[in-house]
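Trainee: I have this one open in the viewer. What should I look at first?

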Amino acid sequence: MSGCLDNVECSKCCECCGDLSEKRNAAASVLGGALFFTGWWIVIDAAAMYTDSPPDGFKHAYHTCGVFSTVALFMVNAVSNGQVRGDSYTSGGLGPTWARIWLFIGFMLAFGALIGAGWILFGEFVVTHKNIVWPGVAIFLQNMFIFAGSLVFKFGRTEDLWG
């Protein structure tokens, strides 16, 4: 599942990079964490800036999409690719089928949060022609960054080094 960038070699175009294969897990983890941090930083900024204007501003219920997106990040990354393939699930009552169901529910939660954030952006801010649109954009960007961070953290790492 994580092999979409396995054949890309950056060492041929940049000598400064060196061999990136041993730093792939660290780079994917840092990039995924930075995307997650950026998403929450954007929404914290919007919540801090627009707390004084409740009719046009940021309602506390808008945090729900970000919370569900964060839970989805943990759900998606709690299951390894070996468990989904059935390679590393040899004992226990739950098999690769339940790992696939867990991953599917995690992705459904992530897509649902992203769709909900789009609904908040367009339904609450764009269609109603409010003067302040940044809280809706911030909610959508937050969920987009958390979803992208989840994908980078899930599919950017290799499990060969785990043993």
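**Contacts, rings and helices**

Trainee: Which residues does Asn-143 touch, not counting those up to four places away in sequence?
Mentor: Asn-143 touches Cys-65, Gly-66, Ser-69, Ala-113, Leu-114 and Ala-117, with that sequence neighbourhood left out. Contact means heavy atoms within 4.5 Å.

Trainee: What sort of model is this?
Mentor: This is a predicted model, where local features need pLDDT of at least 70 and side-chain atom pairs count only at pLDDT 80 or more, while totals for chains, interfaces and linings use all residues. Residues are numbered from 1 along each chain as its sequence is written, and side-chain values use heavy atoms, with hydrogens and water left out.

Trainee: Back to Asn-143. Where is it found, and is it buried or exposed?
Mentor: Asn-143 is found in helix α5, residues 134–155. Its relative accessibility is 1%, so it counts as buried. The cut-offs: buried is under 20% relative accessible area, exposed is over 50%, and partly exposed is in between, with a 1.4 Å probe and protein chains only. Helices are DSSP runs of H or I with at least four residues, strands are runs of E with at least two, and both are numbered from the N terminus.

Trainee: How many helices and strands does the chain have?
Mentor: Five helices and zero strands. From the N terminus on, the order is α-α-α-α-α. Buried residues make up 36% of the 163 residues. Of the contacts with a separation of 6 or more, 75% are between residues 24 or more positions apart.

Trainee: And the accessible surface, what does that come to?
Mentor: About 9,700 Å², and 69% of that belongs to carbon and sulfur atoms. The areas come from the Shrake-Rupley method with a 1.4 Å probe; for residues, only the protein chains shown count as cover.

Trainee: Switching to rings. How many aromatic pairs are there in the whole structure?
Mentor: A search finds five. Take Phe-37 and Trp-41: their ring centres are 5.6 Å apart with the planes at 35°, so that pair is tilted. Rings of Phe, Tyr and Trp (its six-membered ring) pair if their centres lie within 6.5 Å; planes under 30 degrees apart are stacked, over 60 edge-to-face, and the rest tilted.

Trainee: Where do Phe-37 and Trp-41 sit along helix α1?
Mentor: Phe-37 and Trp-41 are four residues apart in α1 (residues 24–49), which means about one helical turn between them. Phe-37 is exposed, at 51% relative accessible area, and Trp-41 is exposed too, at 54%. In the pair of Phe-58 and Tyr-62, the centres are 5.6 Å apart and the planes are at 85°, so this pair is edge-to-face. Phe-58 is buried at 7% relative accessibility, and Tyr-62 is buried at 4%.

Trainee: Which residues form an aromatic cluster?
Mentor: Phe-58, Tyr-62 and Phe-125 form one. Lys-130 also lies over the face of Phe-125, at 5.1 Å from the ring centre. Elsewhere, the charged end of Arg-157 sits over the ring of Phe-153, 3.9 Å from its centre. A charge counts as over a ring if NZ of Lys or CZ of Arg is within 6 Å of the ring centre and within 35 degrees of the ring normal.

Trainee: What about α4, how many residues does it have?
Mentor: Helix α4 (residues 96–126) has 31 residues and reaches 43 Å from first C-alpha to last, close to the expected 45 Å. The expected span is 1.5 Å times one less than the number of residues. Its buried residues, including Leu-103, Phe-107, Ala-113 and Phe-125, pack against α2 (63–78), α3 (81–85) and α5.

Trainee: And what do the buried residues of α1 pack against?
Mentor: α2 and α5. Among those buried residues are Ala-28, Leu-35, Ile-42 and Val-43.

Trainee: How many residues are in the largest nonpolar core?
Mentor: It has 13, and those with the most contacts inside it are Phe-58, Tyr-62, Ile-120 and Ile-139. α1, α4 and α5 each give two or more residues to this core, and α1 gives the most, with four. Apart from it lies another core of eleven residues, among them Ala-72, Leu-103, Phe-107 and Phe-147. A nonpolar core is a set of buried Ala, Val, Leu, Ile, Met, Phe, Trp, Tyr and Cys residues joined through side-chain atoms within 4.5 Å.

Trainee: Last one: what is the phi of His-129?
Mentor: Positive, about 55°, although His-129 is not a glycine. His-129 is found in the loop between α4 and α5, and it is exposed at 67% relative accessible area.
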